[in-house]
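Here's a quick briefing to read alongside the model.

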Amino acid sequence: MLIRYKRNYEKIAMGLLSFVPTEKDLKKLQQTMKEYEQNEHWQLYLWKQEEDIIGIVGISMLDKSLVEVQHVSVNPSHRQQGIGKKMIKALKEMYTTAQIKPSEIIAPFYEKCQADE
C-alpha cells in the first residue's frame, strides 16, 4: 500500500532512495530529500507491506494532467517480487486523470513494468 511520506519516515526514505544510482552521494541525497519536503509539486510515497516500509516512489507534478515518476526504489531483500510494479500500478490508480510518464533515469524500469502488464 502506498502511503504519503512524512518527516518521521526520513531515515527510511533516505535509506531507500540511496539505492537509486543517481542518489549515492550524501549531499545529492540530502538535496533530493529537501526538494521532496519543500517543493509542493514533488511528492514522495512509501510502500508499506504488513508493518515494513520496503519501497519508495517519488513523483513531480508537471501540471494537473502530467505526472513524472522520478524515483523508484525497493529494498534489495524484497526485489524481484513485483513491488516496483505494484507501486507504479498504485500511482496510476491514484492519479487516474493524469498521464504518468517516467523520468529518463527510470524509463527502462517503467517500460519493463508496462511490458509485463
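Two strands pair if DSSP finds at least two bridges between them. Strands (E, at least two residues) and helices (H or I, at least four) are DSSP runs, numbered from the N terminus. What you're looking at is a predicted model, so local features need pLDDT of at least 70 and side-chain atom pairs count only at pLDDT 80 or more, while totals for chains, interfaces and linings use all residues. Residues are numbered from 1 along each chain as its sequence is written, and side-chain values use heavy atoms, with hydrogens and water left out.

**How the strands line up**
- Strand β1 (residues 2-4) is joined to β2 by 3 bridges, and the two run antiparallel; L2 has W47 in β2 as its bridge partner.
- β2 and β3 also run antiparallel, joined by 8 bridges, and W42 stands opposite S60 in β3.
- The hairpin formed by β2 and β3 has 2 residues between the strands, and E50 in that turn has a positive phi of about 55 degrees.
- Next, β3 pairs with β4 in the antiparallel sense over 8 bridges, with a hairpin of 2 residues joining them.
- S60 turns up again here: its bridge partner in β4 is E68.
- β4 and strand β5 (residues 99-102) pair in the parallel sense over 4 bridges, and V67 has I100 as its bridge partner in β5.

**What's tucked inside**
- A nonpolar core is a set of buried Ala, Val, Leu, Ile, Met, Phe, Trp, Tyr and Cys residues joined through side-chain atoms within 4.5 Å.
- The largest such core has 21 residues, and L2, V57, V69, M87, L91 and Y95 touch the most other members.
- β2 (42-49), β3 (52-63), β4 (66-74), α3 (83-94) and α4 (107-115) each supply at least two residues of this core, and the largest share, 5 residues, comes from α3.
- Apart from this core lies another, of 15 residues, among them L17, M33, I53 and I56.
- Looking beyond its neighbours within four places in sequence, V69 is in contact (heavy atoms within 4.5 Å) with residues including V57, I88, L91, I100 and Y110.

Notes
Buried means under 20% relative accessible area, exposed over 50%, partly exposed in between (1.4 Å probe, protein chains only).
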